[in-house]
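Please keep the sequence and the model open while you read it.

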Amino acid sequence: MSRQLMVWVGLALTLVACWWVDRQEQEASPVADVRSTHAVLAHKVPTVLTAQDTQRPQPLLRQADTSPPVDLFSPLTMQMDTATAPVSIPEPVNPYTYDGRVLDGRQWVVFLTDGTNQFSLREGDHFANGWKVRRLTESLLVLQNGKIQHTLKLVNESLGN
């Protein structure tokens, strides 16, 4: 019961506060002063109506739209200008440099660098913001990031003694 009473008291206080703020704004409003001054001046100045004042202005009418209706839900089609040639998108560049590989048991381990970081990777490893070693064989390395795929052919290095 006390909870309901507190809600009603809060509502009543809110209404009183709103009424009080509205009353304060009406007293301090310059618009109210201008209106009252204008009303006083209007009574003091005699008005003379001319023939132009008695004519009503013509209502503004919108011009009729003669264009065909547009289907807002139809798929958009791009119209290519015949003078412009289509822009070819360059193939993305592989950001990694191959540094070597080693056979560890039955799996190949490949060494890659991006200029600041070095990676030692096996087939299936994920590294550096979504890149994955998709395939790794003795002569082939396939890196994938989303739809971008880079294939590197690995050459056999021989160590000179």
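**Notes on the model**

1. One salt bridge, meaning a side-chain nitrogen of Lys or Arg within 4 Å of a carboxyl oxygen of Asp or Glu, is found when the whole structure is searched. The partners are Asp104 and Arg122, whose closest N and O atoms are 2.6 Å apart. The pair links distant parts of the chain, 18 residues apart, with Asp104 in strand E1 (residues 97-104) and Arg122 in the loop between strand E3 (118-121) and strand E4 (126-127). Asp104 is partly exposed at a relative accessible area of 41%, and Arg122 is partly exposed at 29%; here buried means under 20% relative accessible area, exposed over 50%, and partly exposed in between, with a 1.4 Å probe and protein chains only.

2. Before going on, please note that this is a predicted model, in which local features need pLDDT of at least 70 and side-chain atom pairs count only at pLDDT 80 or more, while totals for chains, interfaces and linings use all residues. Residues are numbered from 1 along each chain as its sequence is written, and side-chain values use heavy atoms, with hydrogens and water left out.

3. The protein chain has three helices and seven strands, where helices (H or I, at least four residues) and strands (E, at least two) are DSSP runs numbered from the N terminus. Along the sequence the pattern is α-α-α-β-β-β-β-β-β-β. Of the 161 residues in the protein chain, 13% are buried, and the accessible surface (Shrake-Rupley method, 1.4 Å probe; for residues, only the protein chains shown count as cover) comes to about 15,100 Å², of which 58% belongs to carbon and sulfur atoms.

4. Which residues make up the largest nonpolar core? There are twelve: Tyr96, Val110, Leu112, Phe119, Leu121, Phe127, Trp131, Val133, Leu136, Leu141, Leu143 and Leu154. Strand E2 (107-113), E3, strand E5 (131-136) and strand E6 (140-145) each give two or more residues to this core, and E5 gives the most, with three. A nonpolar core is a set of buried Ala, Val, Leu, Ile, Met, Phe, Trp, Tyr and Cys residues joined through side-chain atoms within 4.5 Å.

5. Val133, a member of that core, touches several residues in contact terms (heavy atoms within 4.5 Å), not counting residues up to four places away in sequence, and among them are Leu121, Arg122, Phe127, Leu141 and Leu143.

6. Helix H1 (residues 2-28) lies largely in the open, because the number buried among its 27 residues is zero. Val9, in H1, is partly exposed at 42% relative accessibility, and together with Leu5 and Leu13 forms a nonpolar surface patch with about 300 Å² of accessible area. Patches are made of residues with over 30% relative accessible area and no salt bridge, with like charges joined within 9 Å and nonpolar side chains (Val, Leu, Ile, Met, Phe, Trp, Tyr) within 5 Å.

7. Please also look at the loop between E4 and E5, which holds Ala128 and Asn129. Most residues other than glycine have a negative phi. Ala128, however, has a positive phi of about 40°, and phi of Asn129 is near 60°. Ala128 is partly exposed at 27% relative accessibility, whereas Asn129 is exposed at 77%.
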